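Subject: Handover of a structure and notes on it

Dear colleague,

Please find the structure below, followed by an account of what was found in it. I would be grateful if you would read the two side by side.

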There are 2 protein chains.
Amino acid sequence: MKEEPRYRRIAEELRHAIAEHAYGPGGRLPSEGALAEQYGVSRGTIRQALMLLRHDGLVTSRRGTRRVVLDDAPVQDFAQMQSFARWARSIGEVPDGVVIRQGWHRADDEEQRHLRIGEGAQVFRVLRLRHLSGRPAMLERTSYPEPVGAIVEPLPTDTVSVTEFLERGGVYVADAEHTIDLVRADAEDAEHLHCLAGDPLLRERRRSTDPAGVPLEWSEDRYLPGRVAFVVHNSLASTPLTRHHTIPAPE
Amino acid sequence: MKEEPRYRRIAEELRHAIAEHAYGPGGRLPSEGALAEQYGVSRGTIRQALMLLRHDGLVTSRRGTRRVVLDDAPVQDFAQMQSFARWARSIGEVPDGVVIRQGWHRADDEEQRHLRIGEGAQVFRVLRLRHLSGRPAMLERTSYPEPVGAIVEPLPTDTVSVTEFLERGGVYVADAEHTIDLVRADAEDAEHLHCLAGDPLLRERRRSTDPAGVPLEWSEDRYLPGRVAFVVHNSLASTPLTRHHTIPAPE
DNA sequence: CAGTGGTCTAGACCACGGG
DNA sequence: CCGTGGTCTAGACCACTGC
């Protein structure tokens, strides 16, 4: 069992206090000094905890006044964003996953670029259909570089959570970059998602990396519209969301 | 003129050094101690600077080894994400905006909730069409609460950047929450974006707040597909991106 | 004006990675 | 084992808000 650092545990306590409306919404948090005394830690540690809440958009912070509690609490952690199965369970749905096709291939240009691998390298491609409580929700095309692919390959095709299995194998995701846009269903999408070719889908392309910055997967996920939305919090303190121009592809 | 804090200026310098491939990609940054000495500041200040780069996904960080430079540099700041005009200029396009309709109304339920205002309150609604280098790109339906609406109302209808005007009026955005999903064009969308009713559009709903957490605007922006994508960086260190379940609306 | 959060310092100890 | 970043402390001064 790992011991979480002090500031994370404090942040967790404050999260719960806020969720139970101990202060607001619109209410004011105690001052940093008061919290430091209350928890028996230094002000610096309290500030680390509050920084976490700030990045999640749970509290404001400005010089001169106490922090103000915002009403909306987007309570979701990195693990839930990273794993379809975990996310589904957290919203009370039953996740499900079926491999439609998988195999080793020579990496194409896009895979070489996103997985940062050389020209001759092999990747393990998996086409997987995801259900939410029995209904098709998303079609996932994932490419794994050699070492990760070797771990994924022997998995049963109805494995619900690949992420959780990889973690047991010591593969941890630390960072992910997501690109969200819109795409039209191709014949394969249509077949598995039970829609028509040409129907619009919400697309999330994702590259996940380990703590050392080494790419672990490159995935293109296509969601049926109307069942899922992506929420991002952006602020002066940290700006993880950017808008990108895309060249109209000739397709 | 405002003096930027030391750690922000250092982060800026490191950003440039990285952009000019002084270390990588894949290279290692100097140790925190070395940087502290080099810049003549304490290690804590260096850590603040590096934290900024980490949140943007520019460098890794793990105990035991030096930080590693990642190759992709998403160089875009909060101001560019917040303002269509600024963003357009930063990618070398000419922004343009035309008000199609505007006026005061009683806030509906959604506006009351998102702008955190009472039942009788008035909002100023603006329907604005945005161009990128002359071609329609996005249709924007924004609601401003009373005080902000009063500032926006007298603006000429071809004002390119409302955000920049508001800043000159002392209205600063500090936080924004974005929800991204897919929607079908209605008759009005189709007319102004030159597409067909029913065509899919990329939708970004946004609430912006000031440093005190007071809502400044609630907006629903609909983008023509293929010209824009949203990019988010997510990590164990901060998780601003979440996936949300939406109830299939009967509309 | 007093109280707040923002910045910064100069230390300390520890957990972890890699040789 | 050494060097690294992660955590934490106990101070200090300043900028800003709100009374």
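Chain A has an average pLDDT of 88, and 96% of its residues score at least 70; pLDDT is the predictor's confidence in each residue, from 0 to 100. This is a predicted model, in which local features need pLDDT of at least 70 and side-chain atom pairs count only at pLDDT 80 or more, while totals for chains, interfaces and linings use all residues. Residues are numbered from 1 along each chain as its sequence is written, chains are lettered from A and ligands numbered from 1 in the order in which they are written, and side-chain values use heavy atoms, with hydrogens and water left out.

Helices (H or I, at least four residues) and strands (E, at least two) are DSSP runs, numbered from the N terminus. Where pLDDT is low, the predicted coordinates should not be read in detail.

Eight strands form an open, antiparallel sheet in the order 1(A)-2(A)-3(A)-6(A)-5(A)-4(A)-7(B)-8(A); two strands pair if DSSP finds at least two bridges between them. Strand 1 (95–106) and strand 8 of chain A stand at the edges with a single partner strand each, so one side of each has no neighbour in the sheet. The twist from one strand to the next averages 20 degrees, where axes are lines fitted to C-alpha atoms, for helices over the stretch in contact, and angles run from 0 to 180 degrees between N-to-C directions. Within this sheet, strand 4 (residues 175–184) and strand 5 (residues 200–209) of chain A run antiparallel and are joined by ten bridges. L182(A) has L202(A), in strand 5 of chain A, as its bridge partner.

Another open sheet of eight strands, also with antiparallel pairing, has the order 1(B)-2(B)-3(B)-6(B)-5(B)-4(B)-7(A)-8(B). Here strand 7 (residues 228–235) of chain A pairs with strand 4 (residues 175–184) of chain B in the antiparallel sense over six bridges. V231(A) stands opposite T179(B) in strand 4 of chain B.

The two chains

How is chain A laid on chain B? A turn of 180 degrees with a shift of 0.0 Å along the axis does so with an RMSD of 0.1 Å, the copies being superposed by least squares on the C-alpha atoms of residues with pLDDT of at least 70 in both. That is the relation of a two-fold axis. In chain A, the C-alpha of P200(A) is the nearest to the axis, at 3.1 Å.

In the interface, 67 residues of chain A are in contact with 67 residues of chain B (heavy atoms within 4.5 Å). The chains bury about 6,600 Å² between them, 54% of it on carbon and sulfur atoms; buried area is the accessible area (1.4 Å probe) that two parts lose on being put together, summed over both.

Salt bridges

Over all chains, 48 salt bridges are found (a side-chain nitrogen of Lys or Arg within 4 Å of a carboxyl oxygen of Asp or Glu). Two salt bridges lie across the interface of chain A and chain B. R54(A) and D175(B) form a salt bridge at 3.5 Å, N to O.

With kind regards
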